[in-house]
Amino acid sequence: MPTASVSKGDWPASKPRAVRFDGGRHDRAKLGFVLLAMDQTSEDDVRGVVPDDIGVHFSRVTMANSVTVETLAAMLPHLSTSASLIVPNGTLDAVTLSCTSGSIVIGEENVCAALAMQQPQARTTTLVTGVVRGLKALGARKIVVGTPYLDEINRIEADYLVEQGFEVLDIQGLNVEMDEDMSRIEPEYLRDFALELDRADADAIFISCSALRTLDVIEEIEQRAGKPAVCSNQAMIWDVMRLAGIDDRIEGYGRLLREH
Amino acid sequence: MAPDDAGSGKLWPASKQRSPEFDEGRNHRASIGFVLLAMEQTVEADMMRHAPDGVGVHFARAPMANRVSVETLTAMKSGIGDAAGRILPDKTLDVACYACTSGSVVIGEDNVFAELNRGAPGAKPTSLITGVMRALEALGANRIVVATPYLDEVNVIEADYMAAKGFDILDIQGLNIADDADMVRVTPDYLLNYGAEVDLPEADAIFISCGALRSVEIIDALEQRTGKPVVTSNQAMLWDCLRRAGIDDRLSGLGRLFREF
C-alpha cells in the first residue's frame, strides 16, 4: 500500500537528540591487517586470539592466485592503497602485511614504507618481522622450518633467516603453489610435519605461512616436541599487539603469547 | 646444514617429496565475501562472532570518504566491484554482499549487484538494504518505524527507497551523525532506548539502520521491551547472506528473525 500516506521526499525532520557516546567497542587499540586476496585463514585466526575490546580490521591486496617469487613481488605497488583503506582516520595503532613469503620477497623496509604512506601514525610491521622478533624473544637461534611453499621460496626464506642471525638446521616445503590448497591442509598433518622436521639440536620449530591452519595445533606441537613452536599467524598477532602496546598474555597458542 | 655462504641461495637441500593430507577446509559449508566501507569498524566483529562454524566470512574494503553523505556514498560505486574482486578470486564465493545500508540505497541495488557481479562473478550478489527488506518481509512487517544515525538527507532517500518497495514508513528518525567514527561510538544502551522511543503502537516492526551501529547487541532486549520484531542492519545482512548461501541454521541472541526464519 505504502506510499499513499506520504509523497516522495515528504519526511519529517529528525528531532534533535542528545546521543550518548562511549569509546567504542575497540577502545584499547585498533589493528590493521593487509591480506592477500586469496587469504582464507588470517581473519579467523586473528579474531579468535585477539581480545574483543581490540579492533582487528582487514583489507585485501590484489595478487595472482599462484604463490611464486614473481607474483609476490608484484604486490608492492598495491600495498599502500590497501593499507589506506583500513579505517583511514588516523586511529589505527599498528598495521602489518599478513604474508610471510611476501614480506621477505618484497623486503621488510619496502613493505613498511608502503604501509606507512597513508597511515603515518601507525606502527608498521610485516609478518616475517614478527616471526623474527618472536623467535628472538624465545631465545631460539637454531631452528627448523616447515613451509607449504615451492623450493624457490624456501631458499629465499632460509637465506633471509640466516641473514637475521638464525642457524637454519633444515627447511622443508610441501611444494604447494595455490593458496586455496594451503588452507585445506589438515591441521593434524601440519602437526605431524612439524614433529617430523624437529631435530634434537633445534631450539625451536617454525611453521611458515599465514594460509596454514597451524594455529589450531601450535600448542600441541610445543607440548609434543618439548620446545617452543612459532607459526606465522601466532607470531603476527603477538607482534602487532605488542607494537600497539597491548601486553596481554594469552593462553592456548604456545609459549610466545603466554610468556612474552 | 647451514650454508657457509649465506645469501647465495644455492646450498639448501630440495624438499623431500611429501603427500600432504587435505580436507574441505575451515570454510567447508560456505564462503561469504563482504565489501566494507573503508571506515567500517563494526561489521567484521559482528559477522565473525555470529557466523556459524564452517562458514567463512571474508572482508575487503572500498574507498569512501570519512563523511557519510549522499555525495560520498554515490562516489563509492566503482570501488565496490574492485573490492569484491579482491575477495578469494581463486574460488567462487557463495555470496558477495555490499555491507552498507545507506550506500546500497543511494547507489541502488541493481547497480550494486552489477558491481558485485563484475568483481565476484558466480557469487550471489546482495546488499545490506536487500537483506533488510527480505528480513522485514519474512517477518510479515509492512508498517515500520526506522531509526538511523544518518543526516536527514540520507534518511529521506532511505525512506523513499523503502516506500517505493512497498513498505509503509510510519516514521524515520536520524541522529544527524556524519562520521562513521562517531556512529561506532553510540552506546548500545542509547540505541535500545532510541529504538523503543521511535516505536509506534501501529508499527509491525522496528528497523535500526546502519552497519556501523552496535545495534546487534540489543536486538533481544528491544524485542522484549516492545513486544515486536526488531531488524538491524548487520543482523539482517548476516541472515540474508547465510540463507542465500543455503545455510539454514537458527541462531539465538539475534532476535525473532534468526530464531524463526
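Reader: What describes the packing of helix α9 (residues 188-198) of chain B and helix α10 (residues 219-226) of chain B?

Author: In this predicted model, the two helices pack at an angle of about 35°, and their axes are 10 Å apart. These two values are given because packed helices are described by the angle between their axes and the distance between the axes. In passing α10(B), α9(B) makes a right-handed crossing.

Reader: Which residues make the contact of α9(B) and α10(B)?

Author: From α9(B) come Leu192(B), Gly195(B) and Ala196(B), and from α10(B) come Ala221(B), Leu222(B), Arg225(B) and Thr226(B). Four of the residues in this contact are nonpolar, two are polar and one is charged. Gly195(B) belongs to this contact, and Gly counts as polar.

Reader: Why is Ala221(B) called partly exposed?

Author: Ala221(B), in helix α10 of chain B, has 17 other C-beta atoms within 10 Å. A buried residue needs 20 or more and an exposed one has 12 or fewer. The count of 17 lies in between, so Ala221(B) is partly exposed. Ala221(B) and Gly253(B) are 32 residues apart in sequence, with their C-alpha atoms 9.4 Å apart in space.

Reader: What is the share of buried residues in chain B?

Author: Of the 261 residues in chain B, 55% are buried. Chain B has twelve helices and eight strands, and its C-alpha trace spans about 80 × 40 × 35 Å along the principal axes. Among contacts in chain B with a separation of 6 or more, 77% are between residues 24 or more positions apart.

Reader: How many residues of domain 1 of chain B are in contact with domain 2 of chain B?

Author: Domain 1 has 27 residues in contact with 28 residues of domain 2 in chain B. The domain assignment gives 30-129 + 236-254 as domain 1 and 131-232 as domain 2 of chain B. Their C-alpha centres lie 19 Å apart. On the domain 1 side, α1 (43-50), α4 (101-107), α6 (128-138) and α11 (233-244) of chain B each supply at least two residues. By class, that side has 15 nonpolar, eight polar and four charged residues.

Reader: How many residues does each of chain A and chain B give to the contact?

Author: Chain A gives 68 residues and chain B gives 61 residues. In chain A, α1 (42-49), β2 (54-61), α7 (151-163), β6 (167-173) and α8 (179-182) each supply at least two residues of the side that touches chain B. The most comes from α7(A), with eight residues. The side of chain A that touches chain B has 26 nonpolar, 20 polar and 22 charged residues.

Terms used: Residues numbered from 1 in each chain as written. Chains lettered and ligands numbered in written order. Predicted model: local features only at pLDDT ≥ 70, side-chain atom pairs only at ≥ 80, totals over all residues. Contact = placed C-beta atoms within 7 Å. Helix = DSSP H or I, 4+ residues; strand = E, 2+ residues; numbered from the N terminus. Axes fitted to C-alpha atoms, helices over the stretch in contact; angles between N-to-C directions. Left-handed = near helix turned anticlockwise from the far one by under 90°. Domains from an automatic or database assignment.
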